[in-house]
Every structure is written in C-alpha cells, then in structure tokens.
Number of protein chains: 2
Amino acid sequence: MSGRLVILGLGPGDVALRTPQTDAALSEATDLVGYGAYLDRVAPRAGQRRHASDNGAEIARARQALRLASEGRHVAVVSGGDPGVFGMASAVFEAIKHGEPAWRALEVQVLPGVSAVFAVAARLGAPLGHDFCVVSLSDNRKPWDVVCARLRAAAQAGFVIALYNVASVARPWQLGAALDLLGGILPAATPVVFAHAVSRPDERIELFDIATAARGQADMRTLVLVGSRETRLIVRPSGPAWIYAPRGAA
Amino acid sequence: MSGRLVILGLGPGDVALRTPQTDAALSEATDLVGYGAYLDRVAPRAGQRRHASDNGAEIARARQALRLASEGRHVAVVSGGDPGVFGMASAVFEAIKHGEPAWRALEVQVLPGVSAVFAVAARLGAPLGHDFCVVSLSDNRKPWDVVCARLRAAAQAGFVIALYNVASVARPWQLGAALDLLGGILPAATPVVFAHAVSRPDERIELFDIATAARGQADMRTLVLVGSRETRLIVRPSGPAWIYAPRGAA
C-alpha cells in the first residue's frame, strides 16, 4: 500500500496565515476530501480530484478518505483552522479505530495550522495571556450537562474561555444559556468578544461585557471569547480597545 | 509617530510551519527584539538591527520595543510558537497599560502562529479532539494554589490538559506535583505525553500513563499533554500508537 493520508487545515481564511507545509501538501495530493465550502477555498489544480461533502458528514468523509488512501491515492483531508481543533483529525482517527484493520498500516500525517482561536486572540491583543480553555458548545455528541459542567469549572477556576460551535440553525439557544451560566459566575464587567470570520473579507468583531453579551449575533462562523476576572482593556485614542490577560493572572 | 510594532511567533521550529504573514513581517522590520535564542532562528538581513535579551526579561524587552517604535522604527517582537500563548504579546500589552500614554497611539499588530500545543497534537494524532485547556505550570507570577485549583477543575470536568512551562532549573518540582495531583483524579491508564522540541532536529516524544508519568524527563522545551478519561490509543503494526480524543467525549 503506497497511499497516504494528510489531514490539514486551511487556517482562519487569509492565505497569508496558511503554512508552507500545508500549501505543499495541498499541491502534492492527488485527491482532496472535505466539506465543500473548504474545498472552494483551495485553488484548482489540473488532474487533482475533489470529493466534496456536506457539513456534518465527518465519519463518512473520513472513511471515504481512508478508502482512497488504501487504493494508493495521496489524499488530503481539508479542514478549516487547525485540523485538530474541532476539525477532521479526530474524525479520521475515530474512523480508523472502528474501521478496517489495514487502515492502521496507512501513512497518516496531521499538519498543524493557525486555529481560529489564535487568529481571534491576535486581532484583539493578548486575551489568552494566561491559562485558557477551548470548549465546543455543540451538544450533538455530548450531553448539554457536560458542556455546563465544563463552563462552570473553567469560569470558577479563572480560565479564559474560547467557545467554538456557538450557534447553528439546529442549535439556536445554547449560546444564550452558556452566557447566562457564565454571567452567574463572572463579574458583570467581564469582557466578551463575538468574533465573526476573522481574517476574511466579512470579518466583524464586537465587544460586550458578560452582562450584555446576549445582544451579540452569532452563527456557525462566530467564535466567542469570554474573559476571566483578570482580563483588562486598554482604551486607545482611536480604534477599538485592546484586550489582554496579564501573564500572572490569578 | 510613524513607527510600528509587530508581535510575532516563529512557530514550533520548522520553518515550514511559519506563516507567510510572519515571514513578511520579519523581512520588513527595521529592528528585531527578542530572547536571543529566538533571534538566532531568524536569518540575518543587511541593515536590520537586532536587540537580543535574556529569557525572563519580558517587560523590559517589551518597553524597549515600544520605545523603538515610538522613535519611528518598524519593530518586530519575536516569540516562539504563537506570540499570544505564554509568549510576548501579553507582556507588550502589560507594558502599554502601565507605560507612556503615547504608546496607546502606536500601531501594534499581533500575528498568530502555530503554537507548540498544536504541533504536538498533530504529531500524536488528534489528542485535542474534544474540549481542552492550556495551563502554565510556572508559579513565578501566580500562586501554586491557583495552578492546582485549575488542574483539579480541568481534570474533574474532563478537559484534555496541555501543560506549558513544565520545568526549569529554578522550578524542578512543579511538574511532579502536578502529575501527582492529576493522578489522584484521573484513571491510572490515562495517557500522558512528554513532547520535547517538536518539529526540531532533537524532537523526542515519550508516551506514559498517568501512573508512570513521573519517569518522564522534562525541561524548558518540553510540553506535557495529559489526556482525559476519553482519550484513546490506536496501536499500529509499526510506529508509535496514535492518540486521539473522540469528538463527542463526555
């Protein structure tokens, strides 16, 4: 078997944030497998096959990629951001774990990328300057109680909290419930940022505090960052305030 | 004032993991400011000034960079990894907050990079496939009790835990204490990875479980990843096992 499988992420959007390693893998692949909206972000190359699928079909997509690699193809599975952060990497390894034994002999490589959370943080200043956590608000695959327990633990312990998968048509109420829960623990003035499509042409960033954050508009492309008690703002003579967490925040 | 300040990270080491945006900023800067070991990783450029400083002098280094930018220089502050994750970004904003009012009018930009935690995760498989947190074990700027409270909260709530600043000559016992604490909460078989200098020539990765992790050797360039109850291994016919966290882990 000479096929191989590379799992990569396109970064937050701007191609200047995509690593040379990822670019090389994209151009060497014989087959690209991914959610259609991600594949659309990759320039076409003659002779390269594309296998686009709908959002949400991660395991089926992972199995398709593994079958292609088993047939000797050089497959790139295309995620957004970093493929290991709520991207395709976990789905591929789940598919291997529960799939054909021969898949364990395949050459599989994961390429790190710039995750949305770091692109958002960079835009704001240094909001991840101390201990932080990353939580998916999706309750498609874990009970909502688990999400709540994690948010409560993180806020009480003083972590900055980055929220992924905050809202979709099928999950309209979870973000409001999460902000309510966090608002019951954190001071009312705790900064909350809604960051939409960072580094893309329709980028939009809104700053709230936890008491007013329910006003924010969110969809599938929004990341929400909730500060800690130590998060600070720096007001500037022009432009939005910078946000940072001191390194020693306790 | 036409100076500007860019805060960037070199990624984990391999230049193929450095973004084009960061490369461009490095070549446009008139002055590079950073820890000497990081500046040594940047190819020299004629006419570009270098201001190397010792590790640990972050605020002094940040103030130096801000002064240079105030004088009209185009300054790049050079961190490793992503500059917002225990890198120089937070120190620069702390220095602005408590420094010259004029510094708030400077053009300051943070460029995201590939953090060590994502490079390590990619090497292992998909260990950050569900909710995770990032904790610095340094008690230089926060009480050790706070570190312990955060580790306890994270382990009890089911986060995968990435540990930064795990050991130095001045902080020899903290990692052992942290692993003891986590070992009292997590099942004995929970995977723990010691990842040293990932993507660099002296990369070394060791897999333990939480019961035996005290055997691992760590220094300033080691990142330690502690799995959750849901973390799984995939044994392969050849090569090290893959490690992943299922997306839905509860």
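Buried means a relative accessible area under 20%, exposed means over 50%, and partly exposed lies in between (1.4 Å probe, protein chains only). The structure is a predicted model, in which local features need pLDDT of at least 70 and side-chain atom pairs count only at pLDDT 80 or more, while totals for chains, interfaces and linings use all residues. Residues are numbered from 1 along each chain as its sequence is written, chains are lettered from A and ligands numbered from 1 in the order in which they are written, and side-chain values use heavy atoms, with hydrogens and water left out.

**Exercise 1. Salt bridges**

Task: Determine which parts of the structure are joined by the salt bridges Arg4(B)–Glu28(B), Asp31(A)–Arg73(A) and Arg150(B)–Asp131(A).

Solution. 

Step 1. A salt bridge is a side-chain nitrogen of Lys or Arg within 4 Å of a carboxyl oxygen of Asp or Glu. By this criterion the whole structure holds 23 salt bridges over all chains.

Step 2. Asp31(A) and Arg73(A) pair at 2.6 Å, N to O. Asp31(A) belongs to strand β2 of chain A and Arg73(A) to the loop between α3 and β4 of chain A, so the bridge ties together parts 42 residues apart in sequence. Helices (H or I, at least four residues) and strands (E, at least two) are DSSP runs, numbered from the N terminus. Asp31(A) is buried, at a relative accessible area of 0%.

Step 3. Arg150(B) and Asp131(A) form a salt bridge of 2.7 Å, N to O. Since Arg150(B) is in helix α6 (residues 144-157) of chain B and Asp131(A) in the loop between β6 (125-126) and β7 (132-136) of chain A, the pair joins two chains. Arg150(B) is buried at 1% relative accessibility, and Asp131(A) is buried at 0%.

Step 4. For Arg4(B) and Glu28(B) the N to O distance is 3.9 Å. This pair links distant parts of the chain, with Arg4(B) in strand β1 (residues 4-9) of chain B and Glu28(B) in helix α1 (residues 20-28) of chain B, 24 residues apart. Arg4(B) is partly exposed at 22% relative accessibility, and Glu28(B) is partly exposed at 48%.

Step 5. Glu58(A), Glu94(A), Arg141(A) and Arg247(B) are joined into one network by salt bridges that share partners.

**Exercise 2. Helix α3(A)**

Solution. 

Step 1. Helix α3 (residues 58-70) of chain A has 13 residues and reaches 18 Å from first to last C-alpha, close to the expected 18 Å at 1.5 Å a residue. The expected span is 1.5 Å times one less than the number of residues.

Step 2. Its buried residues are Glu58(A), Arg61(A), Ala62(A), Ala65(A), Leu66(A), Leu68(A) and Ala69(A).

**Exercise 3. Phe86(A)**

Task: Locate Phe86(A) and describe its backbone.

Solution. 

Step 1. Phe86(A) lies in the loop between β4 (74-79) and α4 (88-97) of chain A.

Step 2. Although Phe86(A) is not a glycine, its phi is positive, at about 50 degrees. Most residues other than glycine have a negative phi.

Step 3. Phe86(A) is partly exposed, with a relative accessible area of 24%.
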